[in-house]
Amino acid sequence: MRGNDDAILACRNVAVRYGDVTALDDVSIAFPRGMIHAVVGQNGAGKTTFARVVSGLVRPDQGAVEIGGKLIAGGNVNDARRAGVELVHQSFALPPSFTVAEAMQFGAAGGALYTRAALERRWQAHLDALDVKVSAGARIRTLTVEQQQAVEIARALVTDARLLILDEPTAVLSPEGAKKLFERVRRLKERGVTVLLILHKIREVLAIADTVSVLRGGRLIDGPLPASDIDADALASLIIGPSAKMLAGEDRAALTGAAAPRGAETETGPIAGPPVVSLRGVSTRPDADGPALQAVDFVVQPGEIVGIAGVEGNGQRTLVRAISSLADIAEGSLELAGRDVTNATLSQRRAAGLRVIPFERNVEGLSLTSPLWENWSAGQLLARPLLAAISPSALRRECKSALDAWDVRYAEVGQPAGSLSGGNAQKVILSREMDESGKLIIAAQPTRGLDIGATAFVWDALRKARDGGCGVIFVSSDLDEVFDLADRVVVMLSGRIVAEFRPPFDLTRVGAAMTGARA
Amino acid sequence: MEDVVIAILRSGTPLVYVTLAGVIAQRAGVWHLGLEGLMITGACATIVGIVLTGSVVFALLVAVLICIAGSVLFWFVVEKLKANQIIAGLGLTGLGLGGTSLAIQSIFGSQAAISAPFGLPRLGAAFGAYGVLSVLVLVMPVVVFLCWVLLCRTRFGLRLAASGEHPFAARSVGVDPSAMRLAALVIGGALCALAGAELAAGSLQIFSQNMTAGRGFMGFAAVIFGAGHPLWATLAALFFAVVGALGIRAQLVFGDRVPHDLLLGLPYIATIFGVWLSARLRGGAKSATGGFGELRDS
């Protein structure tokens, strides 16, 4: 590529370590100005750390960052912002109680004292100029994720940003929303802003980027390469690396978002018999944790994986909470394996065969400060009477054999769960939740944040459970993953199930259902 | 009627000052349970300062500086030593209550109440019956207004609130949430000193042990009741003062027919009721992050 003088951003030998983990390893790269650059890689490849180093949020342990030919002090956001770098985070960094105008103002300069009206006028003009259709007086918490992202981008542009970094901007969007985002990014490029997109779907990279750079395991594998010179297959190999061999073609495509997804051709149809779970007209009482379910009818047969698709925050969590007795069912009935459990406690539901791999591995799934054997045995202790005697040594032995069977990498069963890597922690949960007596397994975002090997492991485990006659509810915001794994897909929107699809899945149609574009 | 209003202003003014200190801390993400300790420190320093130096201005200055020092200590323990805010705050309260007793014991050789020859300047005859009130009562609405402007109409206020509500958002635009909390606690320390000064030298000119009698905690309750908003919290503080004044009134009216202790307890009962009501109405206070400030850092 061209020399450093022409580069908007140049990194030299940048390294970041968190304790024993090397997040970035000797990365040297330069990005020419005025283009759309993609940085791709799997989970744990160091993409987010890279974005944070460039924007000054993380101080590199080694190396230097130059913006527009000027060296900036590492780990200093103000310095990076003065140089024209703005970062839009994956999970947005806007205080929910602020109005849109306040969220703009607090990161801006000028206008020390303000009145509310003047503030809203000032920022409404800014929003209008960027074609963001949001009222400046609206509270952040009332916005949809797509609006929040648009506001966050507008916030990033309150200063004279010359390099805008978007960290996984499409992760929370519907396919339609991603398309609109890309149009917005192209308009920014026309205005002279260099855009750095952190992505992990090849399809999206090829649709938008001028150049692509690949990170794997914290190292720069290649880049920036002109995107026109590379095809999806070559890029997939760069991203996945040597471990590509262990993946079947479909899984590989799903992992990298390389091809237009088609979906599994199911050889095994669902097994006849009573459904493992059946919701009839279920509505939940509104609470603070998300949209309530509204008259949801939903059935899972034994031996099928049902994918739950939808833009995040449309009731997927409430559905999981309703089945696992964490949300109050106001109307309707819930059956597990033929038993009515509408008013049953969690332990009764578990006795009926309910198993849950929860959304938040480190909060709901495990007690990070407790030893592995306690975490593992929580599942079976719940089924025993309150005052039943516990034999720690027996539980430790059982736990050890279970963890070994699930190929968990650990030192001893007494070590705290928080000391495991994400993939191994998830395997502990799998070993607890996927026993022989389980009939319905809810897997909620089970691969989020996991690397390739662990992701493939989770997929295999869920397929095996399905083939063994379990019903599986598979919630994921990654459509490629849903299409690859699920035998049937339902789409949730605002607490309702709005559509159902069978293979072959069509990304456009499912995407349209996610945004309610199609009735 | 006048005497009721005077009673409300007298008991309400210290409460409003300490409440504002709590509001600023709350918005910055600190559950400030050290208000009580800072307030009594301010009360003690003011009276001792007047007795020892004979200068009100000097006494107030000393009180403000000591309370700011206490706030900086609190900040250091919470932010730098990563102590739990609640425990550290209660510790600060214990330090204030015990430290003031120790101070008067060592200075005056006894723990009896200390009375000063004079207190804060009064409004004087120009204000008629209200002339008995101290200047801090007159300044109070101005301070409330300034706090509101600072918190709700400046970028400083937005950055303070972002530091409390979403520290990562603050860091993303180059704001140091820890530094914002220091600023919040320093301003709050000065306000606590004024609260203590008004309580001890506004009308009584006396310092006695434990004289704050839970007003710092009541101020904290007003913060919750007022959802961390300076104006609503001020109204909540004044509401508690009104209930207290009515309690005293009721004593005169009912005499021995109603237990004396029950009437004295009215402001505290009102506090509990107020906190319950605010929880019902709003589903909780404006979020201070309670020691989990960086939890949302993904």
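Start by selecting A:Val100 and the residues around it. Leaving out residues up to four places away in sequence, A:Val100 touches A:Leu127, A:Val134, A:Ser135, A:Ala136, A:Ala138, A:Ile140, A:Leu143 and A:Val151; contact here means heavy atoms within 4.5 Å.

A quick word on what you have open. This is a predicted model, in which local features need pLDDT of at least 70 and side-chain atom pairs count only at pLDDT 80 or more, while totals for chains, interfaces and linings use all residues. Residues are numbered from 1 along each chain as its sequence is written, chains are lettered from A and ligands numbered from 1 in the order in which they are written, and side-chain values use heavy atoms, with hydrogens and water left out.

**The cores**

Together with A:Val100, they have the most contacts inside the largest nonpolar core, which has 160 residues. A nonpolar core is a set of buried Ala, Val, Leu, Ile, Met, Phe, Trp, Tyr and Cys residues joined through side-chain atoms within 4.5 Å. Buried is under 20% relative accessible area, exposed is over 50%, and partly exposed is in between (1.4 Å probe, protein chains only).

Which helix gives this core its largest share? That is helix α8 of chain B (residues 177-201), with 11 residues. Helices (H or I, at least four residues) and strands (E, at least two) are DSSP runs, numbered from the N terminus. In chain A, domain 1 (7-84 + 161-246) and domain 2 (93-159) each supply at least three residues to this core. Another core, of 54 residues, lies apart from it; A:Ile240, A:Ala254, A:Ala454 and A:Val482 are among its members.

**Domains of chain A**

Color chain A by domain: besides domains 1 and 2, the assignment gives domain 3, residues 277-515. Such bounds come from an automatic or database domain assignment. Between domain 2 and domain 3 of chain A, the C-alpha centres are 37 Å apart.

Next, show strands β11 (residues 277-284) and β14 (residues 329-336) of chain A. They pair in the antiparallel sense over 6 bridges; two strands pair if DSSP finds at least two bridges between them. Zoom in on A:Arg280, and you'll find A:Ser333 of β14(A) opposite.

Follow β14(A) along to strand β15 (residues 339-340) of chain A, its antiparallel partner over 2 bridges. Here A:Leu336 has A:Arg339 as its bridge partner. The two strands make a hairpin with 2 residues between them, and A:Ala337 in the turn has a positive phi of about 50°.

**Rings and charges**

How many aromatic pairs are there over all chains? Rings of Phe, Tyr and Trp (its six-membered ring) pair if their centres lie within 6.5 Å; planes under 30 degrees apart count as stacked, over 60 as edge-to-face and the rest as tilted. The count comes to 10. Select A:Phe483 and A:Phe505 for one of them: the ring centres are 5.0 Å apart and the planes at 20°, so this pair is stacked. A:Phe483 is in helix α17 (residues 479-485) and A:Phe505 in the loop between β20 (496-501) and α18 (507-515), so the pair ties together parts of chain A that are 22 residues apart in sequence. A:Phe483 has 0% relative accessibility and counts as buried; A:Phe505 is buried too, at 5%.

Jump to chain B for B:Phe225 and B:Phe240, stacked with ring centres 6.0 Å apart and planes at 25°. B:Phe225 sits in helix α9 (residues 215-225) of chain B and B:Phe240 in helix α10 (residues 230-254), 15 residues apart. After the helix comes B:Ala227, with a positive phi near 55°.

Back in chain A, select A:Arg317 and A:Phe359: the charged end of the arginine sits over the ring, 4.3 Å from its centre. This label needs NZ of Lys or CZ of Arg within 6 Å of the ring centre and within 35 degrees of the ring normal. A:Lys427 does likewise over A:Phe457, 4.4 Å from the ring centre.

**Last stop**

Is A:Thr369 buried or exposed? Its relative accessible area is 74%, so A:Thr369 is exposed. You'll find A:Thr369 in the loop between α12 (361-365) and α13 (372-381) of chain A.
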